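Dear colleague,

I am passing on the structure below, followed by notes on what was found in it. Please read the notes alongside the coordinates.

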Amino acid sequence: MGTTADRFKAAVEAKQLDAVQELFTEDVRLYSPVKFTPFEGRPMVLGLFGVLLRTFEDFRYVGELTGSAQTAAGSDGGSADSTDSTVLIFRATVNGKEIHGIDLLQFDEAGRIKEFTVMVRPQSAVHALGEAVLAGLVEDGLAPQA
């Protein structure tokens with residue numbers, strides 16, 4: 001069966017949104033490199049994942065690190081928890097721009113993903129990703145028309 005991170009990687013690489021869904025808590029928060037406030041709640045995060053799965057070209061995980069890290073929830077004045085965490089290193093292409101990035105997965109006591117932080121580089125790839133994701137969110141009715 002593997003760890004939550006193993007199951008997550010397999011589901012993302014196979015583009016199986018249903019398998020990803022069961023790995024998130026109901027109140028999962030996703031921190032994006034192109035939006036200051038997080039995407040909150042399983043329905044919104046899954047909607048975003050649907051857009052990402054069809055936006056990324058040649059998406060693949062190329063490395064993994066495990067340990068613990070303070071959650072982002074503590075940065076807004078709330079209590080900061082240190083939780084089991086996994087960093088997944090990925091490569092992909094969006095609209096011809098190569099992206100290098102990491103997914104920081106932070107888990108609850110049951111091993112489900114409660115916080116998800118994405119960081120990507122270079123800046124030109126962040127811009128291309130932001131444009132493509134916004135277009136996908138608008139297309140899916142998850143964001144207002146700009």
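**Surface, fold and one residue**

The accessible surface of the protein comes to about 7,700 Å², and carbon and sulfur atoms account for 52% of that area (Shrake-Rupley method with a 1.4 Å probe; for residues, only the protein chains shown count as cover). Please keep in mind that this is a predicted model, in which local features need pLDDT of at least 70 and side-chain atom pairs count only at pLDDT 80 or more, while totals for chains, interfaces and linings use all residues. Residues are numbered from 1 along each chain as its sequence is written, and side-chain values use heavy atoms, with hydrogens and water left out.

The protein has four helices and six strands, which follow one another along the sequence as α-α-β-β-α-β-β-β-β-α (DSSP runs, H or I of at least four residues for helices and E of at least two for strands, numbered from the N terminus). The C-alpha atoms fill a box of roughly 35 × 30 × 30 Å along the principal axes.

Of the 146 residues, 47% are buried, meaning under 20% relative accessible area with a 1.4 Å probe, protein chains only (exposed is over 50%, partly exposed in between). Where contacts (heavy atoms within 4.5 Å) join residues at least 6 apart in sequence, 54% of them link residues at least 24 apart.

Beyond its neighbours within four places in sequence, T83 is in contact with G67, S68, A69, T71, Q106, F107 and K114.

Best regards
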